[in-house]
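Please walk me through this structure, from its charged pairs to its core, and say how far the model can be read.

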Amino acid sequence: MCTNIVYEWLKTLQLPQYAESFVDNGYDDLEVCKQIGDPDLDAIGVAVPQHRRRIHEAVRRLKEAAETAAGLYFTLEPPPAPPDTGRPPSGPGLAAPRHRPGRGGLVAYPRLKLKIMIRDKLVRDGINLSKPPYSNKSGNV
């Protein structure tokens, strides 16, 4: 059995027995799984009513999570130099936000802080980039 995001999702639903059928029917990504309806479950072979309800509920949660998740965009380029204000420049690790967080503006983070934030988010979400489906067969990312 291949291990991918859909397998992990089905495993959390306690339905890993359907993973191969999901992948064989083209449901190999959670974005595609958000489109699952009753005809799809018929094609996949999910006949048990309780399993169908569990999958429908999980699909609803996936859709809700997508609607409430805010997009996050970041770059690793240094921010443009601030205008000369007569104050001493801030050093590495002391960069102040260009706009206040929570007001829809951009925020500049030092590279190390951004790296730590991304690493912590991946750990919280249980994502290991060195394991499939995030790496190729040789194990390289």
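Arg119 is partly exposed, at 49% relative accessibility (partly exposed lies between buried, under 20% relative accessible area, and exposed, over 50%, with a 1.4 Å probe and protein chains only). Arg119 forms a salt bridge with Asp120, with 2.9 Å between the closest N and O atoms; a salt bridge here is a side-chain nitrogen of Lys or Arg within 4 Å of a carboxyl oxygen of Asp or Glu. Asp120 is also partly exposed, at 30%. The model is a predicted one, in which local features need pLDDT of at least 70 and side-chain atom pairs count only at pLDDT 80 or more, while totals for chains, interfaces and linings use all residues. Residues are numbered from 1 along each chain as its sequence is written, and side-chain values use heavy atoms, without hydrogens and water.

The structure holds eight salt bridges. In helix α1, Lys11 and Glu8 are three residues apart, about one turn of the helix, and their side chains meet at 3.8 Å, N to O. Helices are DSSP runs of H or I with at least four residues, and strands are runs of E with at least two, numbered from the N terminus. Glu57 and Arg60 are likewise three residues apart, in helix α5, and their closest N and O atoms are 2.1 Å apart. This pair belongs to a salt-bridge network that links Glu57, Arg60, Arg61 and Glu64.

The largest nonpolar core has 19 residues, and Trp9, Phe22, Val46 and Ile55 are among those with the most contacts inside it. Such a core is a set of buried Ala, Val, Leu, Ile, Met, Phe, Trp, Tyr and Cys residues joined through side-chain atoms within 4.5 Å. At least two residues of this core come from each of α1 (5-12), α2 (19-24), α4 (38-44) and α5 (49-68). Beyond its neighbours within four places in sequence, Val46 is in contact (heavy atoms within 4.5 Å) with Tyr18, Phe22, Leu41, His51, Arg52 and Ile55.

In the loop between α1 and α2 lies Gln14, which has a positive phi of about 60° although it is not a glycine. Most residues other than glycine have a negative phi.

The mean pLDDT of the protein chain is 75, and 61% of its residues reach 70 or more; pLDDT is the predictor's confidence in each residue, from 0 to 100. Over residues 92-101 pLDDT stays under 50. Where pLDDT is low, the predicted coordinates should not be read in detail.
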